[in-house]
Amino acid sequence: MTRTKAALAWLAAALLAVAGIALAPSPASAASLVEVTSFGSNPGNMRMHVYVPDSRPSNPPIVVAMHGCGGSGSGFYSSSEFARLADQFGYIVIYPTATQQAGFGNCFDVWSTASKRRDGGSDPVSIMSMVGYAQRQYGGDPQRVYATGSSSGGMMTQALMALYPDVFKAGAAFMGVPFNCFANAADFPPTNSQCVNGRMDRTPQQWGDAVRQAYPGYSGARPRVQLWHGTNDTLIPFQLLQEGVEQWTNVAGLSQTPTSTDTPQTNWNRRRFADSSGTVRVEAYSIQGAGHSLPSAGMARVAIDFFGLTSSTPPPTTPPPTTPPPTTPPPTTPPPTTPPPTTPPPTTPPPGSTSCRVQYAADSWNNGLVANLTVTNTSTSPVNGWTVQWTWPGSQQVTSGWNATVSQSGNQVTARNAAWNGTIGANQSVSFGFQATHNGTNTPPTQFTLNGAACS
């Protein structure tokens, strides 16, 4: 009964995400949403709707816009702003409808083996048939194809960019998860999923390898990626935004440190990751206080701005790194779930007993911040059970954390390992993060300790 209630709650939340917002009236137009019944190979048994604006160039761009679980293409057309903006900027919008059940109904398949392999079958192949149809029927520009979606659609957005980097030039994923996050169909329902229950913490290299293995041997340009997530999303945890950032910055050969951060709107915190030419390859939006309810007003416009559809000059496409990262296979199983030691590790071992390094990165907005820490064990022995501590120099106050149990007493913060990441091997790392408030200044800590020993 508990699982049934949880499943119903999950579906209800997904439907709310699809419901979207009340939109301003569209400009007068004879264009309308049209269903296409024969568009090509359709192993996912999907439905296709397409919106073609009356005013468009001879070779219009194509945007694939995808709904959340429990939704439909026609529902996402009605509840999002992409069609209204198409009237203004002259691009075609494809609205696929998923029919996979996965315990909830109408979810895009991002869990099966077929869906994780280029041309392997299932929903990605069906969507590619829709793109091909739009190119043949309406002269869609093959050099300007983009993907976007909410929740389940945000997950498929990232899958399409991994599987077809030669087709999709950019994508905007709202409340999604990194590619290859779900192990299989049994792992997909969020009620019992390793991917979305807070236990998914792979390294950037592992995430990047998952993308590279989706299309082995590909050495061309990779899509530009935009990621969105609400800090109060309890359905698809906010921490998965950082996992997505790690995946796509690794794929692009970029540092995990943003090249710029800003607040383009109230409660919107943006991190940008640009290459050596200054082109933003990855950008991530943390929406303060938002739950599982994106995109909301104005976000579709920001997405198509990122695609370059509001400018007469598309954003540049840069070649991939000349020396791509190694392509070792991604992990075939989720991170281990062995319980931590029954007694907490000692926090005051003899000085010098642990060698460690801490990388701390924080993004601030107004009176809030999100931070991520990577702790590296630089010794020759594994650390079994870890506690990281630091003291705030200001008024920061931790409100929540992920991949660790984070608590605060006064200005001192203590982060203890979760059940699945208690061991840090020699020369290995573990990452965790947290959200906090501050009084307008966010001076970083000057010292961290691992099990009582100072880290560099």
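Colleague: What is the torsion about the S-S bond of cysteine 69 and cysteine 107, and is the disulfide right-handed or left-handed?

Modeller: The torsion is about 130°, so this disulfide is right-handed. In general, a disulfide is a covalent bond between the sulfur atoms of two cysteines. Here the term is given to a pair of cysteine sulfur atoms within 2.5 Å. Cysteine 69 and cysteine 107 qualify, with S to S at 2.0 Å.

Colleague: What should I know about the model first?

Modeller: It is a predicted model: local features need pLDDT of at least 70 and side-chain atom pairs pLDDT 80 or more, while totals for chains, interfaces and linings use all residues. Residues are numbered from 1 along each chain as its sequence is written, and side-chain values use heavy atoms, with hydrogens and water left out.

Colleague: Which parts does the pair of cysteine 69 and cysteine 107 tie together?

Modeller: Two loops. Cysteine 69 lies in the loop between strand E3 (62–66) and helix H2 (73–79). Cysteine 107 lies in the loop between strand E4 (92–97) and helix H4 (122–138), so the pair ties together parts 38 residues apart in sequence. The labels come from DSSP runs numbered from the N terminus: helices are H or I with at least four residues, strands are E with at least two.

Colleague: Is cysteine 69 buried or exposed?

Modeller: Buried, with a relative accessible area of 0%. Cysteine 107 is buried too, also at 0%. Buried means under 20% relative accessible area, exposed over 50%, and partly exposed in between (1.4 Å probe, protein chains only).

Colleague: How many disulfides does the structure hold?

Modeller: Three. Count the bonded cysteines along the chain, and the pattern is 1-2, 3-4, 5-6.

Colleague: Where do cysteine 181 and cysteine 195 lie?

Modeller: Their sulfur atoms are 1.9 Å apart and form a disulfide. Both cysteine 181 and cysteine 195 sit in the loop between strand E6 (168–174) and H6, 14 residues apart. The S-S torsion of this pair is about 105°, so the disulfide is right-handed. Cysteine 181 is buried at 2% relative accessible area. Cysteine 195 counts as buried at 1%.

Colleague: What hand does the disulfide of cysteine 356 and cysteine 455 have?

Modeller: The torsion is about -95°, so that disulfide is left-handed. Its S to S distance is 1.9 Å. Cysteine 356 lies in strand E11 (residues 356–365) and cysteine 455 in the segment after strand E21 (453–454), so the pair ties together parts 99 residues apart in sequence. Cysteine 356 and cysteine 455 are both buried.

Colleague: On to helix packing. At what angle do H6 and H7 pack?

Modeller: Helix H6 (residues 204–214) and helix H7 (residues 239–251) pack at about 65°, with their axes 8 Å apart. Axes are lines fitted to C-alpha atoms, for helices over the stretch in contact, and angles run from 0 to 180 degrees between N-to-C directions.

Colleague: Is the crossing of H6 and H7 right-handed or left-handed?

Modeller: Right-handed. To read the hand, look at how the near helix is turned from the far one by less than a right angle: anticlockwise is left-handed, clockwise right-handed.

Colleague: Which residues make the contact between H6 and H7?

Modeller: From H6, Pro204, Gln205, Trp207, Gly208, Ala210, Val211 and Arg212. From H7, Glu243, Glu246, Gln247, Trp248, Asn250 and Val251. Contact means heavy atoms within 4.5 Å.

Colleague: Which residues of H6 are buried?

Modeller: Trp207, Gly208, Asp209, Ala210, Val211, Arg212 and Ala214. These buried residues pack against H5 and H7.

Colleague: What does glutamine 158 contact, leaving aside its neighbours within four places in sequence?

Modeller: Ala173, Gly176, Val177, Pro178, Phe179, Leu227, Gln247 and Trp248. Glutamine 158 is found in helix H5 (residues 152–163). Its relative accessible area is 2%, so glutamine 158 is buried. Its C-alpha atom is 8.3 Å from that of alanine 172, 14 residues away along the chain.

Colleague: And H3? Which of its residues are buried?

Modeller: In helix H3 (residues 82–89), Phe82, Ala83, Leu85, Ala86 and Asp87. Glycine 90 follows H3, with a positive phi near 75°.

Colleague: How many helices and strands are in the protein?

Modeller: Eight helices and 21 strands. Buried residues make up 54% of the 456 residues. Of the contacts with a separation of 6 or more, 73% are between residues 24 or more positions apart.
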